[in-house]
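Reader: Could you walk me through this one, starting with the terms you rely on?

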Amino acid sequence: NSPKIVLGFESSCDETGVALCTTDGRILGQALYSQIAMHKDYGGVVPELASRDHIRRLIPLMDETFEQAGIALQDVDAIAVTTGPGLPGALMAGCAFAYSLAMGLNLPVIPVHHLEGHLLSPLLSSNPPAFPFTALLVSGGHTQLMGVEGLGRYALLGETLDDAAGEAFDKTAKMIGLPYPGGPALSRLAESGNAERFKLPRPMLHSGDFMFSFSGLKTAVLTTAMKLAGVSQPSETMVISDTNKTDLAASFQAAIVETLVKKALAACLQQDHKRLVVAGGVGANQLLREQLVKAARKRGVEVYFPELSLCTDNGAMIAFAGAMQLAMNPALLDARDYGMRTRP
Ligand code: KG4
Ligand code: ZN
């Protein structure tokens with residue numbers, strides 16, 4: 001009963017990722033291409049350009065992955081691919097390629113939910129969490145708290161009513177004139193700012209549930225920015241001094257981080273979990289990491305993060321999620337229906 005090998009593809013947004021993972025959880029090779037430079041001029045991801053670029057990158061990245069792993073296409077037992085959620089055209093590029101390859105090689109396809117990829121990515125770190133745990137999933141498209149009892153056993157505890165945390169970072173960054181993707185740039189700027197300078201709202205902090213809302217916070221940043229620039233209409237060319245920008249970035253980051261930390265910890269305690277896992281792009285945020293660890297320590301909860309390189313979209317998390325599904329359900333090896341199966 002030797003481990004099986006899964007070839008995984010990710011193409012849901014602006015990263016093309018390919019990886020090989022075994023059913024005992026080893027990444028044999030991985031390659032990633034980020035389209036950030038291409039989308040920068042437009043201030044955000046241009047879906048049409050993203051789809052076209054995935055098509056361009058998939059095969060070279062796959063070749064690189066196999067070269068790294070030192071194995072060949074014939075050694076693969078199953079193909080995993082992100083089937084959603086994401087940009088339709090971008091997903092289609094990855095799916096069309098993965099399904100065609102699978103049909104050509106007579107291999108099964110394991111459809112992977114993008115968020116399950118993020119959710120399981122901390123299991124790839126050198127200090128992986130044991131089940132059960134509470135997961136805080138914070139990406140550009142999603143903000144969710146999940147109760148995770150085991151592989152495939154997930155309960156949604158709460159989510160955002162409007163913007164995702166990463167989206168709030170990106171939109172706020174754009175408002176103060178930072179280049180796309182704004183999240184990392186804003187947090188770098190915030191490091192030297194005064195987080196106490198502007199009193200920004202912590203929406204739904206005391207709502208008593210695990211729901212989030214970030215659009216009010218975004219509006220508060222905009223109103224503050226307009227006041228600082230001395231204008232009555234928002235515009236892309238508002239002039240704000242560097243100190244004001246830095247302090248606004250720090251105040252915004254403090255507000256969003258405080259909300260995420262308090263709700264995540266409350267959910268973890270309510271679930272009676274001793275482990276809190278953070279996943280998704282915003283999980284790379286240094287302040288969020290520090291504050292979570294600090295708050296969790298006081299309550300006897302341990303916090304787990306994915307490796308920084310696995311926080312944002314990548315192929316490894318998709319190959320891994322596919323490999324874990326296959327490990328749990330070896331019958332998937334015989335599946336040849338090539339329909340867009342979703343998990344129960
Ligand atoms: O998980 P991800 O790669 O994409 C989605 O699946 O959405 O997350 C990307 C998001 C972006 O909104 C980006 O600004 C944010 O994660 N992000 C950060 C940081 N690094 C990435 N936000 C705050 N601080 C960071 N250091
Ligand atoms: Zn993602």
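Author: Two residues are in contact if their C-beta atoms, placed from the backbone, lie within 7 Å. Domain bounds come from an automatic or database domain assignment. This is a predicted model, in which local features need pLDDT of at least 70 and side-chain atom pairs count only at pLDDT 80 or more, while totals for chains, interfaces and linings use all residues. Residues are numbered from 1 along each chain as its sequence is written, and chains are lettered from A and ligands numbered from 1 in the order in which they are written.

Reader: How many residues of domain 2 are in contact with domain 1?

Author: The chain is split into domain 1 (5-120 + 311-334) and domain 2 (131-305). Their C-alpha centres sit 28 Å apart. On the domain 1 side 13 residues take part, and on the domain 2 side the number is 18.

Reader: Which elements give two or more residues to the domain 1 side?

Author: Elements here are DSSP runs numbered from the N terminus: helices (H or I, at least four residues) and strands (E, at least two). By class, that side of domain 1 has seven nonpolar, five polar and one charged residues; Ala, Val, Leu, Ile, Met, Phe, Trp, Tyr, Cys and Pro count as nonpolar, Asp, Glu, Lys and Arg as charged, and the others, Gly among them, as polar. The elements giving two or more residues are α1 (36-40), α4 (114-120) and α10 (315-328).

Reader: Which helix supplies the largest share of the shell around ligand 1?

Author: The shell has 19 residues, with Ser139, Gly140, Gly166, Gly183 and Gly281 coming nearest (a residue is near if its C-beta atom, placed from the backbone, lies within 6 Å of the molecule). Both domain 1 and domain 2 give at least three residues each. By class the shell divides into six nonpolar, 11 polar and two charged. At least two residues come from each of α5 (165-175) and α6 (182-190), and the largest share, four residues, is from α6.

Reader: Which residues does alanine 319 touch?

Author: Leave out residues up to four places away in sequence. What remains is Val6, Leu7, Gly8, Ala19, Leu20, Cys21 and Ala80.
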